[in-house]
Amino acid sequence: MIATNSKKLIEIKDPSKETLLTPRFYTTNFKEICELDISSNKEEIESIVEEFRLDYNRDHFIRDKEFLTSWNFFDTTTENIFIEFLERSCTAEFSGFLLYKEISRNLKKFNPLLAEGFSFMARDEARHAGFLNKAMSDFNISLDLGFLTKTRKYTFFAPKFIYYATYLSEKIGYWRYITIYRHLEKNPNYRIYPLFRFFESWCQDENRHGDFFAALLKSQKELLNSFESKLWCKFFLLSVFVTMYLNDSQRSEFYSTIGLDAKQFDKHVIRKTNQSAGTVFPVIYDTEHPAFFELLDQCEIANSQLIFLEKENAPLKVFKKFFAYFSMISGLIQLYLLPTIEMKYIWTEK
């Protein structure tokens, strides 16, 4: 009998090519964050940090026997779809970990309360990234997160942009995870991988992180009660909605694998995230406006054309790309100029 080694050989995956729509790594002006005065909303921030301390998900991210199953029955297409989903999710979570950890480190001497909050969020993001990377090993592949840390390009974002963008990314993450979880709870035949069982508690981490940034924003009223702040809130709402819509349109196979229609899923998540933003932001979009999703579809069609044109050497390629870009930019401008819904709160008033 020939002895065989049953231990799997895990291949280190090369990071995917960076594009405008891939998860990014961020840095910011840490000195400016250290000078924050949060006294006007300190009690709410303290209560959220206390929730972080309780660490509700301390024992949640533990793989059970269901993960011991061999996933060799996945066909190549399905396996590649899942690997891409896991890689993008892991990269996004790891990006959050790096940013929160660095902010916490810089804040330690200047604002211990905020430093603790960011440290707890870094803890959660590290757990998520590690759990996702371990899931990739079920398909005999893994990400070298240390290598990513050193080689990935870092995008500079001003602190106020970090607050707007991360608030929305955490809230949209919550609605994505909870929507998938509830769908698979009702349709267990589509839950073809055990990772999705963890999404209910997982998404509560995202929700609490979003609440933390909401409380931080409310402590900086100038970020919510000025004309300029309304413009930035519109910009970041549109950015996260368009990014998800364009990304998911290229990954409809993943959603169909778990029994979801990508476009209907995105519309639901956009509406819910917009409603959540309405509890903090001074303005939100009217997602029921007849032009809202029509214009998103226009951007999606233009993006698909650009992706197609990049892969071929068609006659008049330059002109076709020009018209696709024109359609995309035109759609984005029209979306930005759509009427918004004004929200009235203490922190949005001057």
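**Figure 1. Burial and surface of the chain.** Buried residues account for 51% of the 350 residues in the chain. The structure shown is a predicted model. Its accessible surface amounts to about 17,900 Å², and carbon and sulfur atoms contribute 56% of that area.

**Figure 2. Overall fold and dimensions.** The chain contains 12 helices and six strands. Its radius of gyration is 21 Å, close to the 20 Å given by the globule rule for 350 residues, so the chain is as compact as a globular protein of that length. Along the principal axes, the C-alpha atoms fill a box of roughly 80 × 55 × 40 Å. Among contacts in the chain with a separation of 6 or more, 85% are between residues 24 or more positions apart.

Figure 3. S95 is part of helix α3, which covers residues 76–107. The relative accessible area of S95 is 8%, and because the cut-off for buried is under 20%, S95 counts as buried. Apart from neighbours within four places in sequence, S95 has R24, F25 and Y26 as its contacts.

**Figure 4. Charges of the chain.** The chain carries 45 positive and 47 negative charges.

**Figure 5. Confidence and residues 1–6.** The average pLDDT of the chain is 90, and 93% of the residues score at least 70. Residues 1–6 have a pLDDT below 50.

Notes:
Residues numbered from 1 in each chain as written. Predicted model: local features only at pLDDT ≥ 70, side-chain atom pairs only at ≥ 80, totals over all residues. Heavy atoms only, no water. Helix = DSSP H or I, 4+ residues; strand = E, 2+ residues; numbered from the N terminus. Rg over C-alpha atoms; globule rule 2.2 N^0.38 Å. Buried < 20%, exposed > 50% of the residue type's maximum accessible area, 1.4 Å probe, protein only. Contact = heavy atoms within 4.5 Å. Areas by Shrake-Rupley, 256 points an atom, 1.4 Å probe, with all protein chains shown as cover. Lys, Arg positive; Asp, Glu negative; His and termini not counted. Charge placed at Lys NZ, Arg CZ, Asp CG, Glu CD. pLDDT = per-residue confidence, 0-100.
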